[in-house]
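Welcome! Have the viewer ready, and take the topics below one at a time.

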Amino acid sequence: MVGRGQYLILDEADQMLDMGFKDEMQKVFDAISRQREEKGEEKPLQTLLFSATLPSWVQEVARTKMKNPETVDLVGDKDKQASSDVEHMCLMCPWHARGQCI
């Protein structure tokens, strides 16, 4: 039952849309809206979209699905740019020892 939810959080929204899940995302938005209306939910639904990249078409989805969307952009205006201040590391360890390695 999603009608009582106060938050809709979509992580990797850009990847979901890029992989063709726009219709499925629309079904989620519609189902939540419908169930909230049926339950008489008056509290606003807070929608959060998380994405490593922020192409213009993801921004368009945010504008159509969110009220007064706020953007935290760490990489600028380019469609495909990774953050330059994120450090990536590869740590090789056996599966059973991953807790101690991390």
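Helix α2 (residues 22-39) gives the largest share of the lining of the second largest pocket, six residues. Helices (H or I, at least four residues) and strands (E, at least two) are DSSP runs, numbered from the N terminus. This is a predicted model, where local features need pLDDT of at least 70 and side-chain atom pairs count only at pLDDT 80 or more, while totals for chains, interfaces and linings use all residues. Residues are numbered from 1 along each chain as its sequence is written, and side-chain values use heavy atoms, leaving out hydrogens and water.

**The second largest pocket**
- A pocket is found on a 1 Å grid over the protein atoms alone, as an open set of points where a 1.4 Å probe fits, with protein on both sides within 12 Å along at least five of seven lines; lining residues have an atom within 4 Å of a point.
- The second largest pocket holds about 340 Å³ of space, a volume being the space filled by probe spheres set on the grid points, which are joined across faces, edges and corners.
- Its lining has 13 residues, and Ser33, Leu45, Thr47, Lys65 and Lys67 lie nearest the centre.
- Five lining residues are nonpolar, two polar and six charged; here Ala, Val, Leu, Ile, Met, Phe, Trp, Tyr, Cys and Pro count as nonpolar, Asp, Glu, Lys and Arg as charged, and the others, Gly among them, as polar.

- Strand β1 (residues 7-11) includes Ile9.
- Buried means under 20% relative accessible area, exposed over 50%, and partly exposed in between (1.4 Å probe, protein chains only).
- Five bridges pair β1 with strand β2 (residues 46-50) in the parallel sense; two strands pair if DSSP finds at least two bridges between them.
- Within β2, Phe50 is the bridge partner of Asp11.
- Ile9 lies 5.9 Å from Thr47, C-alpha to C-alpha, although 38 residues separate them in sequence.

- The whole structure has one salt bridge, meaning a side-chain nitrogen of Lys or Arg within 4 Å of a carboxyl oxygen of Asp or Glu.
- The side chains of Glu60 and Arg63 form this salt bridge, at 2.9 Å from N to O.
- Both residues sit in helix α3 (residues 56-65), three residues apart, or about one turn of the helix.

**A loop residue**
- Asn68 is in the loop between α3 and α4 (98-101).
- Its phi is near 50 degrees, a positive value in a residue other than glycine.
- Asn68 counts as exposed because its relative accessibility is 69%.
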